[in-house]
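Dear colleague,

I am writing to hand over the structure that we discussed. Please find it below, followed by my notes.

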Amino acid sequence: MTTDPKTPAPEDPAKMAEFDTRLARDETIEPKDWMPEKYRKQLTRMMSQHAHSEVVGMLPEGNWITRAPSLRRKMVLLAKVQDEGGHGLYIYCGAETLGIDRAELIDQYLYGTAKYSSIFNYPTLAWADIGVIGWLVDGAAIVNQTMLARASYGPYARAMIRICKEENFHKRQGYELCATLARGTPAQRAMVQDAVNRWWWPSLMMFGPHDGDSPNSGDLLKWKVKLKSNDDLRQRFVNLTVPQAKAIEITLPDPDLRYDEASGNWLIGPIDWAEFKQVISGNGPCNHERLAARRAAHEEGRWVREAAAAYAAKRSEPAGQAA
Amino acid sequence: MATTDTSASEWPLWEVFTQPPGGKPHEHAGSVHAPDAEIALQNARDVYTRRGEAVSIWVVPSVLISASAPGDAGPWFDPGNDKPYRHPQFYKTPRGVKVF
Ligand SMILES: [Fe+2]
Ligand SMILES: [Fe+2]
């Protein structure tokens, strides 16, 4: 099934034409179907980045589980963080159908050059950050993932459908937390406003570079992996979020934000792409910490994996041979 | 690459099928890695049924699944596709008569 990625042979034009016809008919592409090598590579990159992001996304929020201010909030946060681990596993399982081994994916992420979403390299400085992550970061993820649930690759789309069912809880609990703090003491209000000020722009960056500067967008749109462009999705998120901020009397840190009657859109000011580039190239506030935490978790879990493998091996030995 | 962890890649892949409540059939949910069936079931429960999605789980070693080849999807399924008379819509009934 897999082809050596180092030998990019030209694709068979007849197969290529059939593939394009299938995409045009909105058929899903399944693991054993023929697909161009570039499609397989782009998907492997995108799905593995997505899976890594879900897993690393457990860290900023996990940071607050022990300090959640009530049992209710603690249970909610635990469940949410566990879901994110599950999301990572759904997508790893989908990525593996492209012919790459999960251990190899995880190796690329822990010890290689694989990337994950820039958003998780920001610190969670206060309890309000937990609310704002659910509201804005999961809110942005929902906009992205709702679109990906119709992606042309079947296993990716199906993983997204499963994820989308769970994301609404993530966003709702976050927005509820923000609304509660916004109605609270002046200090609580200030805490949530400060968190929004810090997370707003990084959340907008989650949609990726502007359409004109996005190196992978062309292919992904052509292959119907993405159905909407980065800028379209970002706009949709802004339009949804502005009224939500107003409803809890929180301001968004953009002096240029204005409503455009003609298009019906809330228009934002310029995004600081220099910051985005810094963060994705490894120089965000928490890049080192995040990777170190993931590596440590992987290393410290090694004995569990080895013990389980040894136990399974022992039990599969024929009777009488076991020591 | 500093470390290659072989302990993870040795765990075989299992396909997971979950049965939703209400008497529906098992359907494919995804896959998990596990050293044996017992842990595969536990992993499947944790990964695919956090919200009461299932009343039963099957796990099957992925290597044991035989699948039809996508290449001959057309001809392979032809015997089912070229017999419209297997569908009730094939048959005409007098105007105004309620058949069902
Ligand atoms: Fe998620
Ligand atoms: Fe989430």
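The notes that follow concern the metal site, the cysteines and the aromatic residues. Please bear in mind that this is a predicted model.

Metal site

The iron ion (ligand 2) has four protein donors in chain A: Glu84(A) through OE, Asp138(A) through OD, Glu167(A) through OE and His170(A) through ND1. Along the chain, the donors of the iron ion (ligand 2) are spaced as E-x53-D-x28-E-x2-H. The arrangement around the iron ion (ligand 2) is irregular because the angles subtended by the four donor atoms run from 84 to 173°; to count as tetrahedral, all angles would have to lie between 85 and 135 degrees.

Cysteines

Over all chains, the structure contains zero disulfides. Cys93(A) takes part in none, and the nearest cysteine sulfur, which belongs to Cys164(A), is 16 Å away. A disulfide requires the two sulfur atoms to be within 2.5 Å, so the sulfur of Cys164(A), at 16 Å from that of Cys93(A), is too far for a bond. Cys93(A) is buried at 10% relative accessibility, and Cys164(A) is buried at 17%.

Aromatic residues

There are 16 aromatic pairs over all chains. In one of them, the ring centres of Tyr90(A) and Tyr48(B) are 5.5 Å apart and the planes meet at 25°, so the pair is stacked. This pair crosses between chains, with Tyr90(A) in helix H4 (residues 71–96) of chain A and Tyr48(B) in helix H2 (residues 37–48) of chain B. Tyr90(A) and Tyr48(B) are both buried. Another aromatic pair, Tyr109(A) with Tyr116(A), is edge-to-face, at 6.3 Å centre to centre and 80° between the planes. Tyr109(A) and Tyr116(A) are also buried.

The charged end of Arg162(A) sits over the ring of Tyr90(A), 5.8 Å from its centre, and Lys222(A) lies over the face of Trp223(A), 4.6 Å from the ring centre. Trp223(A) in turn belongs to one aromatic cluster with Phe19(A), Trp34(A), Tyr39(A) and Tyr153(A).

With kind regards

Definitions and conventions:
Residues numbered from 1 in each chain as written. Chains lettered and ligands numbered in written order. Predicted model: local features only at pLDDT ≥ 70, side-chain atom pairs only at ≥ 80, totals over all residues. Heavy atoms only, no water. Donors = N, O, S within 2.8 Å, 3.2 Å for Na, K, Ca; no water. Tetrahedral: all angles 85-135°; square planar, octahedral: opposite > 155°, others 65-115°. Buried < 20%, exposed > 50% of the residue type's maximum accessible area, 1.4 Å probe, protein only. Phe/Tyr/Trp six-rings, centres within 6.5 Å; stacked < 30°, edge-to-face > 60°. Helix = DSSP H or I, 4+ residues; strand = E, 2+ residues; numbered from the N terminus. Lys NZ or Arg CZ within 6 Å of the ring centre and 35° of its normal.
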